[in-house]
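This briefing turns to side-chain packing and model confidence. Please read it alongside the sequence and the coordinates shown here.

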Amino acid sequence: MSPTGASAEPDGPDTPAGGDGVEDTLELRLPGEFVALFGHDRDSREPAPADREPASADREPPGATPGDASEGENPGHGPFPGEDLLDALPEWGAVATPIGSFQLVPVRIERDLPLISRWMNDPAVAAFWELAGPESVTEHHLGSQLAGDGRSVPCLGVLDGVPTGYFEIYRADLDPLARHYPARPHDTGIHLLIGGVADRGRGVGTVLLRATADHVLDRRPHCARVVAEPDLRNTPSVAAFLSAGFRFSAEVDLPGKRAALMVRDRALSKML
């Protein structure tokens with residue numbers, strides 16, 4: 001799970017979160033994929049069988065980071081020793097987007113710490129990530145992931161050779177987040193922030209979200225869904241996910257926040 005807030009304002013505070021208030025009534029026939037997916041979400045919220053052992057409570061300290069959370073005990077299954085949990089992410093390469101060539105570059109602390117720490121001290125970012133302070137705060141956050149088993153990989157989002165944001169690609173099904181929603185094997189999560197103030201509020205976050213989610217689906221053949229859990233208060237972030245082809249699945253109570261569970265389905269990725 002992310003810090004108290006999830007993705008910090010991918011498109012800035014002025015991104016609309018809703019429509020224009022006009023209601024139209026249309027008779028629609030939904031494709032079978034939509035019906036199946038909505039049915040799954042509905043069924044997944046039914047009470048668990050009485051003989052099913054309840055998951056342990058998620059008791060993380062205030063300000064717990066995604067890296068810290070990812071080291072928690074997996075509620076359903078675990079990796080095999082030596083397993084590559086994210087299908088060789090460092091080798092994924094670049095993808096073309098409407099605004100340039102984009103690549104996820106795994107973080108190297110000795111190279112990237114000053115830049116990421118500066119982003120974390122931006123008030124708009126700090127309000128959700130809660131990692132403001134000296135470089136040692138960010139260093140601990142990054143180091144806890146880099147020293148783990150590979151279920152969460154911190155990356156720079158590099159656009160045309162320029163670091164544009166900070167991304168975390170993680171195995172949502174192996175994360176404590178899986179205790180709070182009906183996780184499926186190989187579900188892959190995204191946390192992100194757009195670093196430059198000039199890049200916020202003009203659609204950069206939406207473009208990079210879509211590119212990242214599609215890149216995950218292309219490179220992880222066993223992954224059927226990309227998920228995210230932005231803070232419900234962060235309406236620009238929620239709006240950016242919706243614009244990037246994610247659907248709103250549910251509201252979930254996580255330690256320190258109430259989140260919007262956003263899902264981008266492989267079955268619908270070419271349609272949305």
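Phe167 is buried, its relative accessible area being 0%, where buried means under 20% relative accessible area, exposed over 50% and partly exposed in between, with a 1.4 Å probe and protein chains only. The model is a predicted one, in which local features need pLDDT of at least 70 and side-chain atom pairs count only at pLDDT 80 or more, while totals for chains, interfaces and linings use all residues. Residues are numbered from 1 along each chain as its sequence is written, and side-chain values use heavy atoms, with hydrogens and water left out.

**Aromatic pairs**
- The search of the whole structure finds three aromatic pairs, a pair being rings of Phe, Tyr and Trp (its six-membered ring) whose centres lie within 6.5 Å, with planes under 30 degrees apart counted as stacked, over 60 as edge-to-face and the rest as tilted.
- One of them joins Phe102 and Phe167 in a tilted arrangement, with 5.6 Å centre to centre and 55° between the planes.
- This pair links distant parts of the chain, since Phe102 belongs to strand β2 and Phe167 to strand β4, 65 residues apart; helices (H or I, at least four residues) and strands (E, at least two) are DSSP runs numbered from the N terminus.
- Phe102 is likewise buried, at 1% relative accessible area.
- Phe241 and Phe246 form an edge-to-face pair, at 5.0 Å centre to centre and 85° between the planes; Phe241 is buried at 0% relative accessibility, and Phe246 is buried at 3%.

- Leaving aside neighbours within four places in sequence, Leu104 is in contact (heavy atoms within 4.5 Å) with Leu89, Trp92, Cys155, Leu156, Phe167, Ile169 and Thr212.

**Confidence**
- The mean pLDDT (the predictor's confidence in each residue, from 0 to 100) of the protein chain is 80, and 70% of its residues reach 70 or more.
- Over residues 12–31 the pLDDT stays under 50, and the model has 13 contacts beyond four places in sequence for them.
- Residues 33–76 also have pLDDT below 50, with 69 contacts in the model beyond near neighbours in sequence.
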